[in-house]
Amino acid sequence: MPIDPQHLLNFDIPEIRQDYGPRDCAFYALSIGLGQDPMDREQLRFAGGLPEITPFPTMPLVLGHPGFWLADPRTGVDAVKVVHGEQGITIHEPLAPSGSVTGKTRVTGLIDKGEGRGALMYSEKELRDAATGKLLATTTSTTFLRGDGGFGGPNSPAKPTHHMPETAPDIVIDSPTRSEQALWYRWNGDDNRLHLDPDIAARAGFQRPILHGLCSLGVAAKALLQGLCGNDPARFRGLDARFTATVTPGETLRTEIWKDGSFRTRVVERDVIAIGNGRCAFDN
């Protein structure tokens with residue numbers, strides 16, 4: 001049965017209120033691979049190795065998150081065939097080391113690619129300070145609904161793609177991931193069994209559980225913060241990118257960066273692009 005686009009566009013996704021503190025900040029940083037070098041003070045400031053902790057800039061991606069709400073049968077979506085396609089984040093105000101936030105997610109658009117071809121769903125989350133209502137970050141996501149095309153909706157306009165430079169990258173940073181990294185990252189609120197259970201991964205066609213896309217994006221953000229912002233989180237304003245291939249925990253991610261903020265992330269061992277058409281916004 002085709003999805004009802006108006007029902008999905010108006011679906012009331014519960015607002016999430018979340019308290020967080022230094023432990024949560026350190027855990028998020030550790031889960032995306034910071035702190036592997038215990039002598040790197042730039043990373044220790046995020047990972048909890050110094051007296052004062054700084055929240056990593058992309059932490060709003062996991063705060064106020066409503067979970068896998070598309071699994072609710074009332075959405076009408078074939079949840080088994082859902083794939084995370086793109087992710088963006090805009091930083092409006094830096095996070096304090098501790099606080100209380102609210103996250104409100106809503107569906108902002110649907111693109112019908114046709115029967116048998118799936119659909120694109122655009123969504124947005126506003127993360128606000130729970131006490132003041134101040135907008136801290138806006139995150140945007142594109143979800144590929146592989147089993148829900150042909151509902152009679154519009155087939156355009158799709159979100160424009162950022163075109164990559166044709167020159168060689170200006171900065172290249174390699175970041176090893178850990179074999180158990182998905183088991184850590186799941187505690188940020190994404191416990192999809194595809195990332196955890198070898199049997200589930202095998203049923204999906206993978207030899208091993210795969211890394212969360214937002215974890216890979218966090219690894220790329222670590223490289224961008226270093227390469228474009230001199231490890232100053234106040235200069236990091238956001239990013240947007242497309243997920244183009246899976247990552248297996250333990251593989252090395254090579255983030256190729258251009259001075260205009262363009263970037264892509266390559267799996268070194270297989271020479272495939274895992275994150276493509278990326279653009280980082282930053283202050284010079």
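A: Leaving aside residues up to four places away in sequence, Q43 touches G33, L34, G35, Q36 and K222. Keep in mind that this is a predicted model.

Q: Which helix does Q43 lie in?
A: Q43 belongs to helix α3, which covers residues 41-47.

Q: Is Q43 buried or exposed?
A: Buried means under 20% relative accessible area. Q43 has 16% relative accessibility, so it counts as buried.

Q: How do I read the sheet?
A: Strands of a sheet pair through backbone hydrogen bonds, either parallel or antiparallel. Here, ten strands make an open sheet with antiparallel pairing, in the order β1-β3-β4-β5-β2-β7-β10-β9-β8-β6. At the edges are β1 (16-20) and β6 (171-176); each has a single partner strand, so one side of each lacks a neighbour in the sheet. From one strand to the next, the twist averages 25°.

Q: How many bridges join β8 and β9?
A: Five bridges link β8 (residues 252-257) to β9 (residues 262-267), in the antiparallel sense. E256 stands opposite R264 in β9.

Q: Which strands does helix α6 lie across?
A: Helix α6 (residues 213-229) lies across β2 (82-91), β6, β7 (236-243), β8, β9 and β10 (272-282), and runs at about 135° to β7.

Q: What does UniProt list for residues 20-147?
A: An unreviewed UniProt entry lists them as "domain: Peroxisomal multifunctional enzyme type 2-like N-terminal". Over residues 20-147 the chain is 13% helix and 37% strand, with the end C-alpha atoms 36 Å apart.

Conventions. Residues are numbered from 1 along each chain as its sequence is written. This is a predicted model: local features need pLDDT of at least 70, side-chain atom pairs count only at pLDDT 80 or more; totals for chains, interfaces and linings use all residues. Side-chain values use heavy atoms; hydrogens and water are left out. Two strands pair if DSSP finds at least two bridges between them. Helices (H or I, at least four residues) and strands (E, at least two) are DSSP runs, numbered from the N terminus. Axes are lines fitted to C-alpha atoms, for helices over the stretch in contact, and angles run from 0 to 180 degrees between N-to-C directions. Contact means heavy atoms within 4.5 Å. UniProt positions are given in the numbering used here, feature names are shortened, and annotations may be inferred rather than shown by experiment. Buried means under 20% relative accessible area, exposed over 50%, partly exposed in between (1.4 Å probe, protein chains only).
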